[in-house]
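Here is a short briefing on one protein model. Please look over the sequence and structure, then read the points below.

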Amino acid sequence: MKSIRAGAIAFVAVGGLLAGCSSGDDATASTPATPASSAPAPAAAATTPAGATAAGGGIAALSADQILAKAESALKEAKSFHVKGDSVQNGQKMSIDFEVSGDDLIGSLTQGKAVIEMLSVSGSHYIRPNEAFWQIATGDATRAKTLATAVGKKWVSTKADKNFDSFFGEFTPEKFLEADGTITKGDAKTVNGVPTIALQDSSNGVIYIATTGKPYPISVDSDGTITFSEFAKTFSDIKKPASSDVFTKTIS
């Protein structure tokens, strides 16, 4: 499943965005590097979908393409969900943990000790890296410390870089459930306590769709495992940061 790579793509993009930052207060970034393929994934238990029923709507009897379409529609209709996971990519552990609500989201990407938080609210996008991430982005420990001190715990707006802004679009139902090539229907399996039907794609990715209640995706196994939970929940922490919490120096 292509979605398993969303976290790594965004992580690489942020690295490119910040790599050109100056060592002073006026943080200035270059255009993001072309993202490389890799992936994120999870290890979080998904809860049984709300409103589950024994009937299941006959989901398991449908074709693989029909099941996938139903799952995408269900995730869109839920409007919000929690996606979490981790995997080993190129010898390094990468993790994602996001609350998604429509086009808005809040969460983090982690690679080793490097962590970057991401926030999207009403079309405005922000990032908040830790010092270890600044070091990956700049390749210079002294420079990274200077940038980390300058920005501190504030959010950095990415509005000056449209190329990077596009990577926030990786965290959507369409992207999370996008298959690599042909998909086929697999066996029934209980995943995190939820009866599911497996869909496998040509790259050996497997997505498990609930067969009771709404056909929500419960987990995606590919380069790692992503789990989905908290469908249709209101996430109160997805909100616009106060102006005092936003780094106001120019990023171009």
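Ala 188 stands opposite Ile 197 in strand β8. This is a predicted model, in which local features need pLDDT of at least 70, side-chain atom pairs count only at pLDDT 80 or more, and totals for chains, interfaces and linings use all residues. Residues are numbered from 1 along each chain as its sequence is written, and side-chain values use heavy atoms, with hydrogens and water left out.

- Strand β8 covers residues 194-201. Strands here are DSSP runs of E with at least two residues, helices are runs of H or I with at least four, and both are numbered from the N terminus.
- Six of the eight residues of β8 are buried, so the strand is largely enclosed by the rest of the structure. Buried means under 20% relative accessible area, exposed over 50%, and partly exposed in between, with a 1.4 Å probe and protein chains only.
- β8 pairs with β7 (residues 183-191) in the antiparallel sense, over seven bridges. Two strands pair if DSSP finds at least two bridges between them.
- Two residues separate β7 and β8 in their hairpin. Asn 192 in that turn has a positive phi of about 50°.
- β8 also pairs with β9 (residues 206-210), again antiparallel, over five bridges. Here Ile 197 stands opposite Ile 209.
- The hairpin of β8 and β9 has four residues between the strands. Its Asn 204 takes a positive phi near 75°.

**Nonpolar cores**

- The largest nonpolar core has 43 residues. Such a core is a set of buried Ala, Val, Leu, Ile, Met, Phe, Trp, Tyr and Cys residues joined through side-chain atoms within 4.5 Å.
- Phe 81, Val 83, Phe 98, Met 118 and Phe 228 touch the most other members of this core.
- Helix α2 (residues 64-78) gives the most to this core, with seven residues.
- A second, separate core has eight residues, including Trp 155 and Val 246.

**Glu 99**

- Glu 99 lies in strand β2 (residues 92-101).
- Glu 99 is buried but has no salt bridge. A salt bridge needs a side-chain nitrogen of Lys or Arg within 4 Å of a carboxyl oxygen of Asp or Glu.
- The nearest side chain of opposite charge is Lys 233, 5.7 Å away. Lys and Arg count as positive, Asp and Glu as negative; His and the chain ends are not counted.

**Ile 226**

- Ile 226 is in strand β11 (residues 225-229) and is buried, with a relative accessible area of 0%.
- Ile 226 and Val 83 are 143 residues apart in sequence, yet 6.7 Å apart in space, C-alpha to C-alpha.
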